[in-house]
Amino acid sequence: MGRRRVDMTDITNEVSGKSVSHVTQPDPRHLEIRFTDDSVLAIAVLHGHLTAVLTCGRGDSTSDRLHDGPQPTRRQRDYLEFIARYILRYGVSPAESDIARHFLVSAPFMNQMVQMLERRGFITRQPGIPRSITIVDDRKDLVRPPQAAAAGGLRPNNALHRTGARVARSGR
């Protein structure tokens, strides 16, 4: 792990999209934010000024990080692509039942798949909060808009279309 000095814009860009592993406070004047990719953002008060140091983990660039960790299987990648497309279209993550319906699988199988994706570090969820699936590292290579459109995949977010569909269903 290499330590380097950066300004706030660099830190913001580097930390954006990362998942926090845990936060520690070694002493009253220091705070360490540890991320799932082993990088650490150390914040401290030195000589009356707030300072921040980013210690990089598995790789210094986003492209390095995407290839360092475990890679999804083809089937896991299909599920991750669906989740990414769903979030783009609706602005929220899908429920497990939405994913199960799309792939024509049972609810228990879907739950096992989501747990596996979470254990392998591809997604995170917030316990007790529905539709809280987020894709780790914001894998931009998951959504391929030209192919998705050609294959009849989910279209980009259209709030009016979504609202209209809900009104039509509830107005029986």
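# Reading the labels in this model

User: Where is Val 53 found?

Analyst: Val 53 is found in strand 5. The model is a predicted one.

User: Why is Val 53 called partly exposed?

Analyst: The relative accessible area of Val 53 is 27%. Buried requires a value under 20% and exposed a value over 50%. The 27% lies in between, so Val 53 counts as partly exposed.

User: Which residues does Ala 52 contact, leaving aside neighbours within four places in sequence?

Analyst: Ala 52 is in contact with Ile 11, Leu 41, Ala 42 and Ile 43.

User: Why is Asp 10 called partly exposed, and where is it placed?

Analyst: Asp 10 sits in helix 1, which covers residues 8-15. Its relative accessibility is 38%. That value falls between 20% and 50%, so Asp 10 counts as partly exposed. From C-alpha to C-alpha, Asp 10 and Leu 54 are 9.4 Å apart in space, and they are 44 residues apart in sequence.

User: Why is Asp 98 called buried?

Analyst: Asp 98 belongs to helix 4, residues 96-103. At 12% relative accessibility it is under the 20% limit, and therefore Asp 98 counts as buried.

User: What makes the pairing of Asp 98 with Tyr 86 a polar contact?

Analyst: The side chains of Asp 98 and Tyr 86 are joined at 3.0 Å. The cut-off for a pair of N or O atoms is 3.5 Å, with one atom able to donate a hydrogen and the other to accept it. The 3.0 Å is within that cut-off, so the pair is listed as a polar contact. Apart from neighbours within four places in sequence, Asp 98 contacts Phe 82, Tyr 86 and Arg 131.

User: What sets the phi of Arg 131 apart?

Analyst: Arg 131 has a positive phi, about 55°, although it is not a glycine. Most residues other than glycine have a negative phi. Arg 131 lies in the loop between strand 6 (123-124) and strand 7 (134-135). With a relative accessible area of 38%, between 20% and 50%, Arg 131 is partly exposed.

User: Why is Leu 104 called exposed?

Analyst: Its relative accessible area is 76%, which is over the 50% limit, so Leu 104 is exposed. Leu 104 lies in the loop between helix 4 and helix 5 (107-119). Leu 104 is not a glycine, yet it has a positive phi of about 55°.

User: How do you know what to call the arrangement of helix 3 and helix 5?

Analyst: The axes of helix 3 (residues 74-90) and helix 5 come within 11 Å and cross at roughly 95°. Angles of 65 to 115 degrees count as roughly perpendicular, so helix 3 is roughly perpendicular to helix 5.

User: Which residues meet between helix 3 and helix 5?

Analyst: From helix 3 come Arg 75, Gln 76, Tyr 79 and Leu 80, and they meet Phe 109, Met 110, Met 113, Met 116 and Leu 117 of helix 5. By class, this contact has seven nonpolar residues, one polar and one charged.

User: How many helices and strands does the protein chain have, and what share of its residues is buried?

Analyst: The protein chain has seven helices and seven strands. Of its 172 residues, 31% count as buried. The chain exposes about 11,300 Å², and carbon and sulfur atoms supply 54% of that area.

Conventions:
Residues numbered from 1 in each chain as written. Predicted model: local features only at pLDDT ≥ 70, side-chain atom pairs only at ≥ 80, totals over all residues. Heavy atoms only, no water. Helix = DSSP H or I, 4+ residues; strand = E, 2+ residues; numbered from the N terminus. Buried < 20%, exposed > 50% of the residue type's maximum accessible area, 1.4 Å probe, protein only. Contact = heavy atoms within 4.5 Å. Areas by Shrake-Rupley, 256 points an atom, 1.4 Å probe, with all protein chains shown as cover. Axes fitted to C-alpha atoms, helices over the stretch in contact; angles between N-to-C directions. Parallel < 35°, antiparallel > 145°, perpendicular 65-115°, else oblique. Nonpolar A, V, L, I, M, F, W, Y, C, P; charged D, E, K, R; others polar.
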